[in-house]
Amino acid sequence: MRANELLAEGYGRLPDLVRGAVEGLSAEQLHWAPRPGANSIGWLVWHLTRVQDDHITDLLDGVEQLWVTGDYAKRFGLEAHARDTGYGHTPDEVETVRPESPEVLLEYFDAVYARTRAFVTRLGEDDLDKIVDERWDPPVSLGVRLVSVLDDAVQHAGQAAYVRGLLPQ
(Lines give C-alpha, C1' and ligand atoms only; values in the text may rest on other atoms or scores of the structure.)
Protein backbone atom coordinates (compact mmCIF):
# COMPACT_ATOMS: atom_id res chain seq x y z
CA MET A 1 0.00 0.00 0.00
CA ARG A 2 1.32 3.44 -0.88
CA ALA A 3 1.32 6.22 1.72
CA ASN A 4 -1.32 8.25 -0.13
CA GLU A 5 -3.58 5.20 -0.20
CA LEU A 6 -3.08 4.77 3.52
CA LEU A 7 -4.00 8.43 4.10
CA ALA A 8 -7.06 8.09 1.85
CA GLU A 9 -8.12 5.04 3.86
CA GLY A 10 -7.74 6.93 7.13
CA TYR A 11 -9.61 10.00 5.97
CA GLY A 12 -12.16 7.73 4.30
CA ARG A 13 -13.30 6.50 7.70
CA LEU A 14 -14.39 9.98 8.79
CA PRO A 15 -17.68 10.25 6.82
CA ASP A 16 -19.24 7.29 8.63
CA LEU A 17 -18.03 8.56 12.00
CA VAL A 18 -19.44 12.04 11.37
CA ARG A 19 -22.74 10.71 10.05
CA GLY A 20 -23.12 8.40 13.02
CA ALA A 21 -22.70 11.34 15.36
CA VAL A 22 -25.18 13.75 13.74
CA GLU A 23 -27.76 12.03 11.54
CA GLY A 24 -31.31 12.19 12.84
CA LEU A 25 -30.64 14.84 15.49
CA SER A 26 -32.52 18.10 15.88
CA ALA A 27 -30.85 21.51 16.00
CA GLU A 28 -31.46 21.49 19.76
CA GLN A 29 -29.76 18.12 20.18
CA LEU A 30 -26.79 19.28 18.10
CA HIS A 31 -26.43 22.24 20.46
CA TRP A 32 -26.92 20.30 23.72
CA ALA A 33 -23.85 19.96 25.93
CA PRO A 34 -23.46 17.54 28.85
CA ARG A 35 -22.67 20.44 31.18
CA PRO A 36 -22.24 24.22 30.86
CA GLY A 37 -19.01 25.05 29.06
CA ALA A 38 -18.65 21.61 27.46
CA ASN A 39 -18.54 21.07 23.71
CA SER A 40 -21.72 20.14 21.87
CA ILE A 41 -22.01 17.64 19.03
CA GLY A 42 -22.56 20.51 16.60
CA TRP A 43 -19.46 22.35 17.80
CA LEU A 44 -17.28 19.21 17.71
CA VAL A 45 -18.24 18.32 14.13
CA TRP A 46 -18.02 21.96 13.02
CA HIS A 47 -14.56 22.24 14.59
CA LEU A 48 -13.16 19.05 13.07
CA THR A 49 -14.42 20.20 9.68
CA ARG A 50 -13.10 23.75 10.11
CA VAL A 51 -9.63 22.50 11.06
CA GLN A 52 -9.57 20.18 8.05
CA ASP A 53 -10.83 22.94 5.72
CA ASP A 54 -8.25 25.41 7.07
CA HIS A 55 -5.26 23.07 7.06
CA ILE A 56 -5.91 21.36 3.72
CA THR A 57 -6.65 24.69 2.02
CA ASP A 58 -3.31 25.99 3.31
CA LEU A 59 -1.67 23.17 1.37
CA LEU A 60 -3.38 24.07 -1.91
CA ASP A 61 -2.24 26.89 -4.16
CA GLY A 62 -4.72 29.63 -5.02
CA VAL A 63 -7.70 28.03 -3.29
CA GLU A 64 -9.85 29.54 -0.56
CA GLN A 65 -11.54 27.73 2.28
CA LEU A 66 -14.99 26.34 1.55
CA TRP A 67 -16.11 28.03 4.78
CA VAL A 68 -15.30 31.41 3.23
CA THR A 69 -16.51 30.78 -0.32
CA GLY A 70 -19.70 28.89 0.52
CA ASP A 71 -22.84 29.84 2.44
CA TYR A 72 -22.05 27.59 5.38
CA ALA A 73 -21.21 30.25 7.97
CA LYS A 74 -24.63 31.89 7.94
CA ARG A 75 -26.23 28.45 8.29
CA PHE A 76 -24.25 28.07 11.53
CA GLY A 77 -25.16 31.54 12.77
CA LEU A 78 -21.57 32.69 12.32
CA GLU A 79 -19.40 34.99 10.24
CA ALA A 80 -17.13 33.44 7.60
CA HIS A 81 -13.81 34.24 9.27
CA ALA A 82 -11.05 32.15 7.69
CA ARG A 83 -9.01 31.83 10.90
CA ASP A 84 -11.89 30.86 13.20
CA THR A 85 -11.54 27.10 13.43
CA GLY A 86 -12.69 26.83 17.03
CA TYR A 87 -9.16 26.37 18.34
CA GLY A 88 -8.97 28.17 21.67
CA HIS A 89 -12.71 28.89 21.80
CA THR A 90 -14.02 30.00 25.15
CA PRO A 91 -17.27 28.44 26.46
CA ASP A 92 -19.12 31.57 25.26
CA GLU A 93 -17.68 31.15 21.77
CA VAL A 94 -18.56 27.45 21.73
CA GLU A 95 -22.12 28.48 22.58
CA THR A 96 -22.36 30.62 19.42
CA VAL A 97 -21.84 27.68 17.05
CA ARG A 98 -25.41 26.68 16.19
CA PRO A 99 -25.80 24.59 13.04
CA GLU A 100 -29.34 24.85 11.73
CA SER A 101 -29.51 21.09 11.09
CA PRO A 102 -27.45 17.92 10.76
CA GLU A 103 -27.69 18.43 7.00
CA VAL A 104 -25.61 21.62 7.06
CA LEU A 105 -22.94 19.87 9.12
CA LEU A 106 -22.88 17.00 6.64
CA GLU A 107 -22.93 19.25 3.56
CA TYR A 108 -19.96 21.23 4.83
CA PHE A 109 -18.10 18.13 6.01
CA ASP A 110 -18.75 16.29 2.71
CA ALA A 111 -17.42 19.21 0.66
CA VAL A 112 -14.27 19.46 2.80
CA TYR A 113 -13.79 15.69 2.75
CA ALA A 114 -14.08 15.59 -1.06
CA ARG A 115 -11.35 18.25 -1.32
CA THR A 116 -9.16 16.37 1.15
CA ARG A 117 -9.61 13.03 -0.57
CA ALA A 118 -8.75 14.51 -3.96
CA PHE A 119 -5.63 16.07 -2.46
CA VAL A 120 -4.30 13.01 -0.66
CA THR A 121 -4.97 10.57 -3.50
CA ARG A 122 -2.77 12.51 -5.91
CA LEU A 123 0.21 12.78 -3.57
CA GLY A 124 3.48 11.09 -4.43
CA GLU A 125 5.80 9.50 -1.88
CA ASP A 126 8.28 12.38 -2.08
CA ASP A 127 5.54 14.96 -1.42
CA LEU A 128 5.10 13.81 2.18
CA ASP A 129 8.58 14.97 3.19
CA LYS A 130 7.99 18.55 2.02
CA ILE A 131 8.17 21.03 4.91
CA VAL A 132 4.88 22.90 5.21
CA ASP A 133 5.32 24.74 8.52
CA GLU A 134 8.63 26.03 9.86
CA ARG A 135 7.14 27.58 13.01
CA TRP A 136 7.76 24.33 14.91
CA ASP A 137 10.91 22.56 16.01
CA PRO A 138 11.29 20.28 14.22
CA PRO A 139 9.57 21.81 11.17
CA VAL A 140 6.34 20.08 10.15
CA SER A 141 6.30 17.95 6.99
CA LEU A 142 3.26 17.44 4.81
CA GLY A 143 2.95 13.85 6.01
CA VAL A 144 3.01 14.87 9.66
CA ARG A 145 0.46 17.64 9.02
CA LEU A 146 -1.92 15.25 7.30
CA VAL A 147 -1.67 12.72 10.13
CA SER A 148 -2.18 15.51 12.69
CA VAL A 149 -5.37 16.71 10.97
CA LEU A 150 -6.67 13.15 10.71
CA ASP A 151 -5.87 12.44 14.35
CA ASP A 152 -7.69 15.61 15.46
CA ALA A 153 -10.73 14.75 13.33
CA VAL A 154 -10.98 11.16 14.59
CA GLN A 155 -10.73 12.30 18.21
CA HIS A 156 -13.46 14.92 17.78
CA ALA A 157 -15.72 12.54 15.87
CA GLY A 158 -15.38 10.08 18.75
CA GLN A 159 -16.16 12.82 21.26
CA ALA A 160 -19.27 13.77 19.25
CA ALA A 161 -20.41 10.14 19.27
CA TYR A 162 -19.86 9.99 23.02
CA VAL A 163 -21.88 13.18 23.61
CA ARG A 164 -24.64 11.73 21.42
CA GLY A 165 -24.79 8.76 23.80
CA LEU A 166 -25.29 11.18 26.70
CA LEU A 167 -28.27 12.99 25.10
CA PRO A 168 -31.31 13.04 27.35
CA GLN A 169 -34.01 10.67 26.15
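**Exercise 1.** In this predicted model, classify Asp-110 by its relative accessible area and identify the salt bridge that Asp-110 forms with Arg-19.

*Solution.*
Step 1. The relative accessible area of Asp-110 is 28%, so Asp-110 is partly exposed.
Step 2. The side chain of Asp-110 meets that of Arg-19 in a salt bridge, at 2.7 Å from N to O.
Step 3. Arg-19 belongs to helix 2 (residues 14-22) and Asp-110 to helix 8, so this pair ties together parts 91 residues apart in sequence.
Step 4. Arg-19 also counts as partly exposed, at 25% relative accessibility.
Step 5. Through salt bridges with shared partners, Arg-19, Glu-23 and Asp-110 are joined into one network.

**Exercise 2.** Which parts of the chain does the pair Glu-125 and Arg-2 tie together?

*Solution.*
Step 1. A salt bridge links the side chains of Glu-125 and Arg-2, with an N to O distance of 3.8 Å; the cut-off is 4 Å.
Step 2. Glu-125 sits in the loop between helix 8 (102-121) and strand 1 (131-133), and Arg-2 in the segment before helix 1 (3-12), so the pair connects parts that are 123 residues apart in sequence.
Step 3. Glu-125 is partly exposed at 40% relative accessibility, and Arg-2 is partly exposed with a relative accessible area of 40%.

**Exercise 3.** Are Arg-13 and Glu-9 exposed or buried, or in between?

*Solution.*
Step 1. The side chains of Arg-13 and Glu-9 form a salt bridge of 3.0 Å, N to O.
Step 2. Exposed means over 50%; with a relative accessible area of 54%, Arg-13 is exposed.
Step 3. Glu-9, at 39%, is partly exposed.

Terms used. Residues numbered from 1 in each chain as written. Predicted model: local features only at pLDDT ≥ 70, side-chain atom pairs only at ≥ 80, totals over all residues. Heavy atoms only, no water. Helix = DSSP H or I, 4+ residues; strand = E, 2+ residues; numbered from the N terminus. Buried < 20%, exposed > 50% of the residue type's maximum accessible area, 1.4 Å probe, protein only.
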